[in-house]
Amino acid sequence: MRAAGDLVARMQMTRGMRLDDAKAHVAERLGVSTDDLSDPLVMHDVRRELGLGLIPVQELTYPGEPGAIEAKFHIAEVLDVPINCVEKFREHVGRPATRSTGAFAPKAEVPA
Amino acid sequence: MERSVTTRLADGSLVRMTPSEIRADLEEGTALGAKRAKVPPLEPDELEQLGEIFSSSARFSAVDIGDELVLSCDGSGNLDSGTRVDELYSYQSHRGADILELYHIDYSYKAIKTILSFEQQVMKTAQLNLVAPLQYGAMPDLGRYSRPDGPVANWSELLPLGRIDEARAAQEEAMEHAVRDMVFVAEGMIEAGADGLDFDTSGAAGDADLLAALRAVEEIKSRHPDVGIELGMASEFVLGMHGELEFHGRRLAGLWPRDLVELAAEAGVTVFGPAVNVNTTKSVAWNVARALTIVKPCVAESPIPVHMNAGMGVGGVPMTPYPPADAVARVSHAMRTVGRLDGL
């Protein structure tokens with residue numbers, strides 16, 4: 001994740017792509033060369049620009065950038081590959097919240 | 001007098017060898033690997049490259065810039081720095097892992113079935129907090145289904161008695177239990193957000209163990225086509241404890257990585273892991289030459305990425321709890337530069 005290994009790995013894992021094909025796919029989708037994929041300086045900027053997740057270190061924190069699960073939404077879109085936990089997250093967030101019970105539910109009127 | 005360099009035997013111990021001695025070991029290793037797996041030996045230029053890697057006095061050895069491969073893990077973390085999720089952060093952010101794996105110390109799908117909801121919760125938490133792909137891993141571990149640990153007759157006791165048919169029937173019965181358990185755990189892990197499943201050391205109990213894994217993979221992929229599946233071998237060829245089992249019309253017993261990778265891909269495996277055992281009395285160079293000879297045809301013909309099992313005692317890495325970095329670096333360098341592996 002210091003560079004783009006996790007992105008290349010995701011294409012191997014999900015699409016069964018051989019290494020050269022996986023690198024070419026990721027490079028093309030990110031708009032960089034395959035040599036850039038293992039360069040932490042280039043990839044830091046690319047990851048930041050596209051919201052693909054960064055490693056917070058002592059001097060460099062990223063509270064305003066996408067965090068882990070948020071970054072995976074962007075990875076799925078940029079690489080054009082489904083990510084299971086992103087789909088589950090979307091499904092869970094999209095569930096209707098009826099608010100029919102609990103502290104804020106409308107109280108039944110008490111007869112006088 | 002020829003200079004000598006510090007190198008290692010595959011038990012991890014340091015030895016001094018001259019480049020000529022290393023070259024002789026490489027030639028012997030590839031010749032034996034070729035004879036055993038019935039494949040061609042390494043080419044002279046490949047032996048030359050290996051000679052350069054293993055004749056270096058440098059502490060560390062590495063691939064050319066731009067030729068890096070992917071690092072997957074069968075189990076990420078050592079449980080020595082907090083929770084399992086803490087260990088996964090560490091592997092992702094500081095130890096260079098590209099594919100992470102959540103695992104339980106009782107690394108068996110049969111055992112995991114009994115604690116699945118607990119494992120699912122850890123998977124869910126980890127997925128919310130990690131960016132790198134995270135799979136769940138365990139072994140098919142067919143032996144767990146035989147008595148006294150399981151419900152099926154023990155084929156390891158029946159075979160020495162010559163009760164072959166009963167031993168085969170027991171393995172077939174165990175296989176049904178194993179497939180059911182692996183699919184059950186996989187469904188739970190996918191529900192919790194897993195990116196993939198790892199069926200590690202498939203075939204450890206022989207061809208029935210492997211067939212159970214292949215059947216489980218096929219069933220899981222039929223329901224979840226986008227889930228990642230890593231399948232790792234248990235040794236350099238498939239042990240024929242049953243001897244007559246087939247998958248897609250191919251007999252499994254005696255298959256070498258080149259043939260097995262095709263079947264694995266047909267089943268739906270997306271990352272294949274061949275394993276070649278080390279001979280601890282020989283040098284790391286000898287072992288790497290032998291391992292590369294066995295896996296080279298697999299890498300050349302595979303339709304899916306091949307991640308060599310390169311850990312203690314397999315793939316040329318010394319058989320020691322703390323594999324020395326100089327040896328691991330040379331093995332890794334050789335696996336990519338000479339073997340053209342897609343990952344380790």
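The conversation below goes through some descriptions of this predicted model.

Visitor: Which residues is B:Pro274 in contact with, leaving aside its neighbours within four places in sequence?

Guide: Its partners are B:Met233, B:Pro257, B:Val295, B:Cys298, B:Val306, B:Met308 and B:Asn309. Although B:Met233 is 41 residues apart from B:Pro274 along the chain, the C-alpha atoms of the two are separated by 5.2 Å.

Visitor: What makes helix 1 and helix 2 of chain A oblique to each other?

Guide: Helix 1 (residues 5-15) and helix 2 (residues 19-30) of chain A pack at an angle of about 125°, and their axes are 9 Å apart. Angles from 65 to 115 degrees count as roughly perpendicular and those over 145 as roughly antiparallel, so a value between these two ranges is oblique. That is why helix 1 and helix 2 of chain A are described as oblique to each other. Their crossing is right-handed. The contact is made by A:Leu7, A:Val8, A:Met11 and A:Gln12 from helix 1 of chain A, and by A:Ala22, A:Lys23, A:His25 and A:Val26 from helix 2 of chain A.

Visitor: What is the secondary structure of chain A as a whole?

Guide: Chain A comes to 5 helices and 0 strands, and of its 112 residues 33% count as buried.

Visitor: How do you know that the buried residues of helix 5 of chain B are on the same side?

Guide: The buried residues of this helix are B:Glu119, B:Met123, B:Ala126 and B:Gln127. They cover an arc of only 100° around the axis, which means that they are on the same side of helix 5 of chain B. The face turned away from that buried side carries the exposed residues B:Ser117, B:Phe118 and B:Gln121.

Visitor: What do the buried residues of helix 5 of chain B pack against?

Guide: They pack against several elements of chain B, among them strand 4 (134-138) and helix 7 (164-191), and also against helix 5 (84-93) of chain A. The contact between the chains takes 32 residues from chain B and 27 residues from chain A. Helix 5 of chain B gives the largest share of the side of chain B that touches chain A, namely 3 residues.

Visitor: How does the reach of helix 8 of chain B compare with what is expected?

Guide: Helix 8 (residues 207-223) of chain B has 17 residues, and at 1.5 Å a residue a span of 24 Å is expected. From its first C-alpha to its last this helix reaches 25 Å, which is close to the expected value. Its buried residues include B:Leu210, B:Leu214, B:Val217 and B:Ile220, and what covers the buried residues of helix 8 of chain B includes strand 5 (196-202), strand 6 (228-233) and helix 9 (257-267) of chain B.

Visitor: At what angle do helix 1 and helix 10 of chain B pack?

Guide: Helix 1 (residues 19-37) and helix 10 of chain B pack at an angle of about 35°, with their axes 7 Å apart, and helix 1 of chain B passes helix 10 of chain B in a right-handed crossing.

How values were computed
Residues are numbered from 1 along each chain as its sequence is written. Chains are lettered from A and ligands numbered from 1 in the order in which they are written. This is a predicted model: local features need pLDDT of at least 70, side-chain atom pairs count only at pLDDT 80 or more; totals for chains, interfaces and linings use all residues. A residue is buried if 20 or more other C-beta atoms lie within 10 Å of its own, exposed if 12 or fewer, and partly exposed in between; C-beta atoms are placed from the backbone. Helices (H or I, at least four residues) and strands (E, at least two) are DSSP runs, numbered from the N terminus. The arc is that of the directions from the helix axis to the C-beta atoms. Two residues are in contact if their C-beta atoms, placed from the backbone, lie within 7 Å. Axes are lines fitted to C-alpha atoms, for helices over the stretch in contact, and angles run from 0 to 180 degrees between N-to-C directions. Angles under 35 degrees count as roughly parallel, over 145 as roughly antiparallel, 65 to 115 as roughly perpendicular and the rest as oblique. A crossing is left-handed if the near helix is turned anticlockwise from the far one by less than a right angle, and right-handed if clockwise. The expected span of a helix is 1.5 Å times one less than its number of residues.
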